[in-house]
Amino acid sequence: MTANSQIPAPAHILAESMLSRRFGRETVNYFSSSPINRLSFLRGDYGFISTALKHPSTQFIVLNNLAPLTRSSAQLYYAKHEELSKLIPADFYDQSEEDMIKNFDSRQSHPTLIFLGLDESRKENSLSYKIYSGVPFFAVDVTPRGSEAQQTACKDIISTMEEKGLSFFQARVATTFTADEGAIYAQARALTDWNTRNIFCGTCGNRTLSVNAGTKRACPPTDAARAAQGQSLEGPACTTRTTISNLSFPRTDPTIIVAVVSADGHRVLLGRSKRFPPALYSTLAGFIEPAESIEDAVRREVWEEAGVTLSRVVIHSSQPWPYPANLMIGAIAQVSDPAHEKINLEHDPELEDARWFTVEEVEEALRIGTSDLSSPAGPEYKGGLRLPPPTAIANQLIQSAISKDYFHPDEKASKM
């Protein structure tokens with residue numbers, strides 16, 4: 001597989017506009033630009049969701065402990081409903097959300113099933129609903145958990161799939177799929193992980209119920225299990241039922257990642273963590289804190305980790321990172337005064353090392369020295385600097401930092 005097949009195309013019409021003339025082509029990163037239309041407004045339409053579940057064209061991403069079922073390390077396996085019927089009955093979505101909450105019984109366990117959306121590019125034998133048509137995609141978690149019957153169904157499915165020569169791809173970070181499959185997997189993984197982490201309400205502690213086709217968790221006001229124990233059917237009040245609550249919807253944690261350029265524009269600041277393989281350096285990154293802008297977070301993180309004081313910060317692009325639920329917000333930043341370039345690692349001891357690398361060193365590493373954390377660099381690599389692969393937003397930021405896109409816009413515009 002070539003690196004190009006893993007870099008998504010922008011999910012918009014590539015037409016010339018005032019913005020494109022000023023800022024150039026949009027940068028799109030791995031795990032983004034999914035071919036699936038999420039159709040979020042139809043998640044509560046259980047007539048549609050139930051029909052989509054049973055449609056013969058429907059495809060399922062299957063996960064076991066968040067590892068995706070694959071044909072190979074580069075290709076997902078898309079299951080059909082009949083292969084999962086032991087776990088997911090055909091009437092799984094035949095109740096409305098209101099009825100599911102009304103009939104809630106915490107003694108019962110249910111598998112995690114998530115509607116991902118429609119691939120509208122695929123029309124042949126596809127599902128048609130109102131003005132929408134395409135192949136439905138779901139994610140299903142077959143991790144053996146829940147009731148004994150549910151665990152047995154999961155184990156049977158896992159055994160059957162493995163007998164077919166399929167396997168659950170074990171990797172700390174999976175970036176070997178095509179761009180489209182990477183984006184589909186990222187959505188499936190992030191939502192499955194969120195559901196697994198939130199089976200109990202963070203406000204009142206009661207068991208929650210997956211609703212809205214797997215993209216919301218409700219804290220039901222009544223529970224048949226309480227009534228069976230001679231208690232009141234209604235439980236304690238919970239604020240998640242009366243307000244818009246971050247505990248009820250999937251969360252995304254914003255993280256900044258930045259390529260820092262020296263005052264003269266001839267060097268790039270890179271750092272390395274203790275867990276990095278030898279000679280591998282990357283851009284600096286960190287979480288955005290509450291009540292902090294993206295630009296402020298960039299300046300704070302770079303100063304805390306490397307002691308360097310930044311001037312202008314420009315937002316470059318973003319990358320979903322489903323490990324577990326981050327949004328990497330990429331930036332390019334520059335130091336305005338050479339006196340502010342001195343590296344100091346004594347503030348926050350997160351980095352093992354940080355250095356300024358020349359543009360020439362970076363260009364050479366981009367050409368022959370890229371690799372992920374678990375792979376060796378390319379066959380031409382003979383030593384020296386190593387950098388993250390193109391599937392990482394860090395690579396895209398570094399490429400932009402050493403190009404003319406940000407530092408000579410007038411020259412770039414004259415060539416377009």
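Mentor: Helices (H or I, at least four residues) and strands (E, at least two) are DSSP runs, numbered from the N terminus. This is a predicted model, in which local features need pLDDT of at least 70, side-chain atom pairs count only at pLDDT 80 or more, and totals for chains, interfaces and linings use all residues. Residues are numbered from 1 along each chain as its sequence is written, and side-chain values use heavy atoms, with hydrogens and water left out.

Trainee: Is Ala213 buried or exposed?

Mentor: Buried means under 20% relative accessible area, exposed over 50%, and partly exposed in between, with a 1.4 Å probe and protein chains only. Ala213 has a relative accessible area of 0% and is therefore buried.

Trainee: Which loop holds Ser33, and what is its phi?

Mentor: Ser33 belongs to the loop between helix H1 (18-23) and helix H2 (46-54), and it has a positive phi of about 55° although it is not a glycine. With a relative accessible area of 23%, Ser33 is partly exposed.

Trainee: What is the geometry of the peptide bond from Tyr323 to Pro324?

Mentor: That bond, from Tyr323 to Pro324, is cis, with omega near 5°, and Pro324 itself lies in the loop between strand E14 (313-321) and strand E15 (326-334).

Trainee: Which residues does the UniProt domain annotation cover?

Mentor: UniProt positions are given in the numbering used here, feature names are shortened, and annotations may be inferred rather than shown by experiment. The unreviewed UniProt entry carries the annotation "domain: Nudix hydrolase" for residues 250-386; over that range the chain is 17% helix and 31% strand, with the end C-alpha atoms 35 Å apart.

Trainee: How many helices and strands does the protein have, and how compact is it?

Mentor: The protein has 11 helices and 16 strands. Its radius of gyration is 24 Å, close to the 22 Å that the globule rule gives for 416 residues, so the protein is as compact as a globular protein of that length. The radius is taken over C-alpha atoms, and the rule is 2.2 Å times the number of residues to the power 0.38. Of the 416 residues, 48% count as buried.

Trainee: What share of the contacts joins residues at least 24 apart?

Mentor: A contact means heavy atoms within 4.5 Å, and among contacts in the protein between residues at least 6 apart in sequence, 67% join residues at least 24 apart.
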